[in-house]
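Open the model in your viewer and keep the selection panel at hand.

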Amino acid sequence: MIKNIENIELHYLTLTDYKQLKEAMIQAYTSMPDSYWKENQIKSLIEKFPEGQVVIKINDELAGCALSIKIDYDSFDEQHTYKDITDNYTFDTHDENGDVLYGIDVFIKSEYRGLRLGRRLYDYRKELAEKQNLRGIAFGGRIPNYHKYAATLSPKEYIESVKRKEINDPVLNFQISNDFHPSKILKGYLEGDENSGEFAVLLEWDNIYYEKKSKKAATKKKVVRLGLIQWQMRLYKDLEELMQQAEYFVDAVSAYRSDFALFPEFFNAPLMAANNHLPESEAIRELAKYTPQIVQKFSELAITYNINIITGSMPEIKDELLYNVGYICKRDGSTERYEKLHVTPDEAKVWGMQGGNEIKTFDTDCGKIGVLICYDSEFPELSRILADEGMDILFVPFLTDTQNGYSRVRHCAQARAIENECYVAIAGSVGNLPKVNNMDIQYAQSMVFTPCDFSFPANGIKAEATTNTEMILIADVDLDLLKDLNQFGSVRNLKDRRKDIFEVKRLQK
């Protein structure tokens, strides 16, 4: 290792570097004589894609190099060769509108190895892929130690042995440690690479920030502002007065430029007071008659205040059966419905309520979301299915009468955030309704939970309301942090599942 290092710098490759570059390539590829790029080839690379050609210099001397092109990845066969990728070493396959950065060459001079300079070159490639919004990086990785094991191991067996640390392959180990995953074996990849048996490993790195180009002007937000409404139960003379209060809160959270407004479960229960003389099962069915009007009003508010409203939940009659449902009223004017799948024993016994059958995620202009009403949050299988479908934010409107009931929802919701690498927002009602049977008291503390890792609060709590107080809670959540967590987290609850021994799946769509 070189001592007395005065400076280490990363530069774009220029033709003035060619002499040092040629010497370095000859030294790096001693097992493949004359395997160095000619000056006209380097000139072509620089002209076609200058940002893709970089060198590391130590004390102004070339120490390493990385060469790459952009290609339309899907236009190449899965079993491609180095000649295919480079168009017989002309690099005419470079496509300025390509979607993948393909590595042509990377090496570090022997006297500079041990300084982790290769990592710097790969980090540059990753930053370039992110900056240019490319799907990822790919290249054919040589396995120069394979010739030592070729008599007893197939290339696939060799790679599996390397991954299990049974065989030390410094090249392949280095690639894997830099987040590249082996995709397939490429046969006859590089002519003359006898040490590798002309085999190579197709290594890929996925850009988690890649966004497919859209023809629409709108873009999905990355930092999303949540507005939670901790609703005070009080008596209202009619639907109009109740919706005036609802609009007041929508106005309040939208004034803070919130992207979502979350209402609690059965926030409209005060309207049952007018029918308190009826049996509870009949009173709740009378309340269900208001649901279409409430959804229509919320849809109008979503458009007027430019906010996505999650309506909490309301009773709804379908085919003479009573369900607990809610609606997502989007600011583009569309609405989508969700159902409570698990009704509580009290809901079934007192109201005759049925559990729903549909679980799904919803696409919004702020990522993919899921909604689980209260008791549903206590069944981890539901949120896991939603997470597998790409859910970023889970909303949980709830209604709990006692602190122990609230604690079940609160702690289960926080567990859902950790195990599914998502944000979870819960909103409930406070106060009491002495003139509505079966709805006497409410206990709530609305909160926003996060996973527990270095980019998030240490206790997994992004924001929390004051207990049992009518108020709004505003919190920003960064969706890109979830992508980072999924790939690079201290633990990776989704990626590390042992799908070879268990699975969670839906039985019906």
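A pocket here is an open set of grid points with protein on both sides within 12 Å along at least five of seven lines, and a lining residue has an atom within 4 Å of a point. The model is a predicted one.

**Stop 1: the largest pocket**

Select Tyr29, Asp105, Val106, Phe107 and Arg142, which lie nearest the centre of the largest pocket among its 46 lining residues. The volume of this pocket is about 1400 Å³. Next, colour α1 (18–28), β4 (100–108), α4 (117–131), β5 (136–142) and α6 (170–177), the elements that each give two or more residues to the lining. Of these, β4 supplies the largest share, 6 residues. Colouring the lining by class gives 23 nonpolar, 14 polar and 9 charged residues.

**Stop 2: helix α2**

Select residues 39–48, helix α2, and show the side chains of Gln41, Ile42, Ser44, Leu45 and Ile46, which are buried. The cover over the buried residues of α2 includes α1 and β3 (61–71).

**Stop 3: the whole chain**

Zoom out to the protein chain, with its 13 helices and 23 strands. Its radius of gyration is 30 Å, well over the 23 Å that the globule rule gives for 509 residues, so the chain is more spread out than a compact globule. The C-alpha trace spans about 95 × 50 × 45 Å along its principal axes. Buried residues make up 50% of the 509. Of the contacts between residues at least 6 apart in sequence, 71% join residues at least 24 apart.

**Stop 4: the cavities**

How many cavities of 30 Å³ or more are there? The count is 2.

For the largest cavity, select Arg337, Tyr338, Glu339, Leu341, Glu358, Ile359, Lys360, Phe362, Val371, Leu372 and Leu386, which line it. The space inside is about 80 Å³. Strand β13 (residues 335–339) contributes the largest share of this lining, 3 residues. By class, the lining holds 7 nonpolar, no polar and 4 charged residues.

For the second largest cavity, select Met272, Asn275, Asn276, Leu278, Pro279, Glu280, Ala283, Ile284, Trp351, Val436 and Asn437. Its volume is about 50 Å³. Helix α8 (residues 280–288) gives the most to this lining, with 3 residues. The classes here are 7 nonpolar, 3 polar and 1 charged.

Conventions
Residues are numbered from 1 along each chain as its sequence is written. This is a predicted model: local features need pLDDT of at least 70, side-chain atom pairs count only at pLDDT 80 or more; totals for chains, interfaces and linings use all residues. Side-chain values use heavy atoms; hydrogens and water are left out. On a 1 Å grid over the protein atoms alone, a cavity is a set of points where a 1.4 Å probe fits but cannot get out, and a pocket is an open set with protein on both sides within 12 Å along at least five of seven lines; lining residues have an atom within 4 Å of a point. Grid points are joined across faces, edges and corners, and a volume is the space filled by probe spheres set on the points. Helices (H or I, at least four residues) and strands (E, at least two) are DSSP runs, numbered from the N terminus. Ala, Val, Leu, Ile, Met, Phe, Trp, Tyr, Cys and Pro count as nonpolar, Asp, Glu, Lys and Arg as charged, and the others, Gly among them, as polar. The radius of gyration is taken over C-alpha atoms; the globule rule is 2.2 Å times the number of residues to the power 0.38. Buried means under 20% relative accessible area, exposed over 50%, partly exposed in between (1.4 Å probe, protein chains only). Contact means heavy atoms within 4.5 Å.
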